[in-house]
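Biologist: Before we look at anything together, could you show me how to read a structure feature by feature, with the general idea coming ahead of the case?

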Amino acid sequence: MSIIDQLAAIEQAALAALETITTSDAIGEWKSNYLGKQGAIAKLSRELGTLPSDQRPAAGQRFNAVRAVLDEAFAAREATISQAAQQQAFGQDAVDVTLPGRLPVVGRLHPSTRVLRMITDIFADMGFQVWESPEVETDTLNFGLLNIPEDHPARDMWDTFYIETAPGAEKVLLRTHTSPGQIHAMRAHAPNPVRVILPGKCYRYEQVTTRHEMMFHQVEGIAVGQHITFSDLKGTLIGFAERLYGAGTKTRFRPSYFPFTEPSVELDVECFLCKGAGCRICKQSGWLEVSGAGMIHPTVLRNGGYDPDVYSGFAFGMGPERITMLRHGIDDIRWFFSGDERFLQQFV
Amino acid sequence: MRIPLSWLREYVDVTIPVAELAERLTRSGLEVDSIEHIGGTQAELPWDPALVLVCNILEVTQHPNADRLVLATVEYAPGNTHTVVTGAPNLYEYKGLGRLTHPLKSVFAREGAVLFDGHVAEKVKVKLKGKPVRGVMSDAMLCSEKELGLSEEHEGILILPADAPVGMSLVEYIGDTVVDIDVLPNMARTLSLVGMAREIAALTNQTLRLPNPAVATSGADANATFKVTIATPELCPRFTASVVRNVTIKPSPFWMQRRLIMAGMRPINNIVDISNYVMLELGTPNHTFDADCVAEAHIVVRNAHADEQLKTLDGRTHTLNPSHLLVCDTTKALSVAGVMGGESSEVSDRTQNVLVEAAVWEPTIIRRMSTAFKLRSEASKRFERGVDTEMLDLAQRRLCQLLHDYADGVVAPGMVDVRSVPVRDVTITLTNAEVKRILGLDFTAAQISDLLTPLGFGCTVNTSTSLEVTVPSYRRDVSHTADLCEEVARMFGYDNLPSTIMADELPTQRTNLALEREHFVRDVLSGAGLNEAITYSLTSLASAANLDPAEADATNYLHLANPLSSEREYMRRAILPTLLESAAVNLRERGSTRLFEVGRVYHRRDDAILPAEPLRVAIVMAGQRTNASWHDAVPETVDFFDIKGVVELLCERLQITSIRIAPSDADYLQPGRAAQLIAHTGAGEVVIGHFGELHPDARERFAMPTVRVAVAEFALDTLLELANVPRYTSISRYPASSQDLALVAPVTVSAETIAASIRKYAGAALSSIELFDVYTGANLGEGMRSLAYRLTFRSSERTLGDDEITKLRAKIIRGVEHETGAKMRA
Ligand SMILES: [Zn+2]
């Protein structure tokens with residue numbers, strides 16, 4: 001058999017053997033058997049010298065061609081084998097992706113905190129800055145300076161917790177609204193314009209029920225200057241409602257009564273649960289009360305240090321718990337101050 | 001205020017559907033709370049106009065087979081009769097009288113009519129079906145008030161007035177709509193049908209019709225027989241009295257009873273009902289005395305004597321003092337002025353002659369008395385908010401006319417009228433500039449006049465920019481231009497006013513660093529796995545004592561004068577007690593708790609009437625460190641080092657450096673697992689608060705006996721003042737080299753002492769020090785401990801050589817051994 005015929009036989013045998021190989025060990029052995037320095041092709045190539053010199057170049061080319069074919073076949077087979085091995089390893093490493101993950105332990109902010117932040121952020125964009133004032137106040141600041149004298153029927157609007165004080169001393173109470181902060185803020189700024197938002201805890205002498213709490217938060221805002229009008233109040237509150245409830249939210253302004261504002265107004269937004277059709281939450285009215293507001297009463301402006309003939313201003317107030325309850329469909333206000341993590345964990 | 005539309009229509013035409021009327025009222029400040037339909041198609045129980053009819057009972061006979069039943073022959077349409085089986089006791093008296101000679105009107109319901117079941121307490125609708133009752137076919141019935149949904153009354157059938165038209169559908173006869181309106185405190189003028197009608201007339205461009213009763217009088221003039229003396233003119237601006245003789249006490253007419261019931265009042269008898277009717281109609285509370293009980297026919301309005309006693313109509317006896325105001329005769333008190341009548345002059349079945357009082361009282365005195373006596377009545381509600389002095393004449397005429405028509409009274413001519421305060425017109429000058437300044441919209445004086453006039457304001461337009469506004473007597477709530485601006489806006493429609501962006505200068509914007517940091521603390525703590533709680537600021541001494549019995553000293557606390565319950569009686573001085581109460585619930589319900597609260601506490605000050613309200617942060621952690629899961633079926637439970645980790649994280653995030661942690665001897669913490677956070681401030685060292693594991697005794701008191709409870713409470717204001725902005729340190733480009741050191745020292749040498757010593761001798765080349773092992777074992781010897789540190793060295797300027805590191809290590813060991821007595825572990 002000629003060298004060339006032997007080479008062809010080796011090529012055929014090598015390719016046939018390669019077909020059956022499935023492990024990386026076996027393919028290594030194959031490689032040294034055929035392509036190694038001591039492999040079949042190398043051994044045969046040593047016999048090239050026995051050929052007549054005119055046949056050698058063609059035979060050499062033939063050898064190179066066979067090597068190239070076997071190299072290529074080897075590479076392909078090796079890739080197949082390593083892929084299969086990887087596939088098998090992946091299979092062994094696979095997990096049930098529906099098993100629960102490792103949850104990082106992360107706490108939640110109180111829902112009232114979140115809503116308070118939303119409210120203050122919206123008003124901050126309109127130039128209102130946060131101003132805080134005490135929760136324990138004098139009767140004068142909570143009522144008198146806000147145009148609610150003693151024995152005024154409007155006092156019925158605020159059931160009040162009083163602090164025990166010495167006989168004859170000034171009456172001290174738990175603020176029933178954040179409105180005393182109006183006076184503090186105005187007095188700190190007058191005669192400069194003021195635009196602040198007053199968040200904080202308030203208290204009412206009220207039996208605790210699913211809808212009423214003795215403690216709650218309120219956010220109040222005031223703007224006082226030389227050119228502040230009722231129309232500005234409307235624009236500000238509509239801007240707020242659209243930020244909180246979405247652009248195009250329908251609003252309704254109703255005359256109302258607060259002793260410290262005149263004119264007074266109640267802002268309703270269209271019930272977002274029933275889109276105004278009427279439901280249990282909006283008591284079939286199609287509207288939800290969002291904020292009580294009005295132009296600051298001349299007497300209150302004067303008490304805050306502004307001349308009511310020159311300055312005007314507006315004030316508004318709202319309850320974060322109520323907004324939170326509507327937002328999340330909470331039907332019992334008593335959870336808010338329970339510290340119960342089954343409640344607190346429900347909010348993002 | 002409940003407004004039956006049929007009654008309202010006496011004073012104003014209602015030209016729009018009730019739903020639209022309700023919306024207009026609400027948008028004008030008269031918020032409609034509910035609309036109640038009686039009998040009509042929208043009613044809870046609609047009365048079928050073909051099946052529920054006015055009928056006349058012609059004859060009542062005994063049921064042949066049942067003692068307690070009767071058969072009534074009724075005419076339910078002219079010429080049509082039907083026999084009805086009924087057990088109504090109020091028909092027994094007509095049994096066997098044959099054909100009745102007088103009309104006896106009732107309500108006839110035919111088969112198919114839907115009514116309420118009269119025999120069950122709830123409102124259950126049933127459809128009337130024919131069935132034999134004791135052998136007599138029953139396919140129709142006579143209805144009780146309960147079956148018609150008019151009241152709970154089911155003792156007998158409803159008897160209608162004799163003139164009720166036979167065959168008319170009941171819904172046409174007495175069907176109605178009642179609009180219930182929440183009246184704001186400054187809208188007392190609408191606490192009457194006429195007042196409400198005036199608003200509606202103005203809102204819907206209709207005309208108000210005031211009643212104008214004609215009264216026939218005879219006998220002696222009231223002024224000749226009765227005398228009125230007002231001893232306290234400042235408390236009684238006007239007092240009027242009429243005299244009506246020979247009255248008959250009996251039920252008031254059906255229509256009046258219906259109106260009172262629909263308006264929410266219970267009919268009593270004609271005298272009481274007439275009084276209430278006029279109060280509801282005109283907004284003038286009034287009182288009827290038995291005229292023969294007034295000694296010397298002389299009414300005296302005066303302050304009470306000290307300890308004077310008066311028994312009021314509700315049967316209670318009040319002990320009075322000179323701050324109270326009474327209507328008296330010359331010998332005794334007759335009533336608490338404007339609040340409630342007294343028993344001694346109460347109109348009774350024997351009453352023949354009545355004295356009718358209609359007066360106006362100073363609102364404050366009424367409010368004080370009704371609060372003091374806990375007597376909030378429809379009358380006091382109106383007096384507190386202000387009653388129109390100029391309505392008394394009409395009220396007296398109306399009272400006399402009704403007493404004449406429905407109590408057979410003989411009205412004396414004349415009216416005793418004492419005015420203590422002369423009528424004073426209030427006139428306000430209003431400019432369109434002022435309206436624009438407040439409302440933001442331009443109106444001409446004429447436009448303003450057009451808006452205010454329908455409400456009864458007298459407007460005189462001076463120029464195109466100014467007008468004089470005279471305030472009517474029923475609008476004493478209006479005293480300032482701002483009040484008029486509200487009326488202009490209300491009549492124009494709040495929703496019709498423009499919405500604008502504030503054009504006024506933006507006030508100087510200042511950062512509120514403390515608040516920003518407070519929010520940052522909330523974010524850090526929630527990021528650390530703690531849930532934010534907000535607990536009550538109000539608590540009890542018992543709760544405070546659960547944490548620390550020494551805290552139960554009432555003198556340190558603000559105490560409520562009027563607590564709602566003993567659990568919420570004192571203003572908290574610390575957050576932990578209420579937070580621990582929540583934690584105990586969570587531990588019970590969920591097996592773990594991780595809570596924090598940021599809030600104020602309230603500290604009494606001897607030198608001020610108001611307390612200090614420092615801001616605190618409190619943390620409670622207990623139970624499993626993480627949630628149990630298939631990754632970790634039994635997580636470890638929280639201990640001291642969990643809360644310490646949170647404290648360290650908080651200080652690191654706030655970049656607080658001037659702080660140290662030392663052992664604490666706080667009584668509520670377990671000794672040996674208690675620490676305090678101490679700040680170095682300009683004023684020396686200040687304790688910011690304590691943290692550690694709750695003392696087992698305190699755990700027991702909070703009902704958390706079985707697991708360690710880690711707690712912390714810090715003065716947050718102080719902590720926030722110590723916060724800093726992080727400073728960047730450059731990051732070295734050169735490689736690091738690390739060395740492990742295990743040092744053995746007595747456990748009494750604190751880890752911080754050894755770490756501080758290592759830092760001191762390592763110098764600037766040390767980039768980090770990490771304690772990776774703490775070991776105590778018999779092989780180290782009694783009371784000894786091994787602390788293993790990994791030190792990482794790195795220079796920002798060059799690569800540190802091995803020789804350098806070896807030398808540095810030897811230096812550190814020498815120094816630490818010398819300074820702390822620690823030895824390298826063998
Ligand atoms: Zn709704």
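Biologist: Does Gln655(B) count as buried, exposed or partly exposed?

Modeller: The general idea is a set of cut-offs on relative accessible area: buried is under 20%, exposed is over 50%, and partly exposed is in between, with a 1.4 Å probe and protein chains only. Gln655(B) has 24% relative accessibility, so it counts as partly exposed. Please keep in mind that this is a predicted model, in which local features need pLDDT of at least 70 and side-chain atom pairs count only at pLDDT 80 or more, while totals for chains, interfaces and linings use all residues. Residues are numbered from 1 along each chain as its sequence is written, chains are lettered from A and ligands numbered from 1 in the order in which they are written, and side-chain values use heavy atoms, with hydrogens and water left out.

Biologist: Which residues are joined by cis peptide bonds?

Modeller: One cis bond joins Ala190(A) and Pro191(A), with omega about 5 degrees, and Pro191(A) is found in the loop between helix H7 (180-189) and strand S5 (194-203) of chain A. Another joins Glu262(A) and Pro263(A), with omega about -5 degrees, and here the proline is in strand S8 (residues 261-270) of chain A.

Biologist: How many residues of helix H4 of chain B are buried?

Modeller: For H4(B) the number is 11 of the 12 residues, so this helix is largely enclosed by the rest of the structure. Its buried residues pack against several elements of chain B, including helix H2 (18-27), strand S12 (176-182) and helix H13 (481-492). Helix H4 (residues 193-204) reaches 16 Å from its first C-alpha to its last, close to the 16 Å expected, where the expected span is 1.5 Å times one less than the number of residues. Just after H4(B) comes Asn205(B), with a positive phi of about 60 degrees.

Biologist: How many residues of chain B are in contact with chain A?

Modeller: The size of an interface is often given as the accessible area lost when the parts come together. Contact means heavy atoms within 4.5 Å, and 93 residues of chain B are in contact with 96 residues of chain A. The buried area, which is the accessible area (1.4 Å probe) that two parts lose on being put together, summed over both, is about 8000 Å², of which carbon and sulfur atoms give 54%. Met502(B), Ile534(B) and Leu564(B) supply 10% of the area that chain B buries against chain A, more than any other three residues.

Biologist: How many salt bridges are counted between the two chains?

Modeller: A salt bridge is a side-chain nitrogen of Lys or Arg within 4 Å of a carboxyl oxygen of Asp or Glu, and the count between chain B and chain A is 7. Arg590(B) forms a salt bridge with Glu341(A), where the closest N and O atoms are 3.8 Å apart.

How values were computed:
Helix = DSSP H or I, 4+ residues; strand = E, 2+ residues; numbered from the N terminus.
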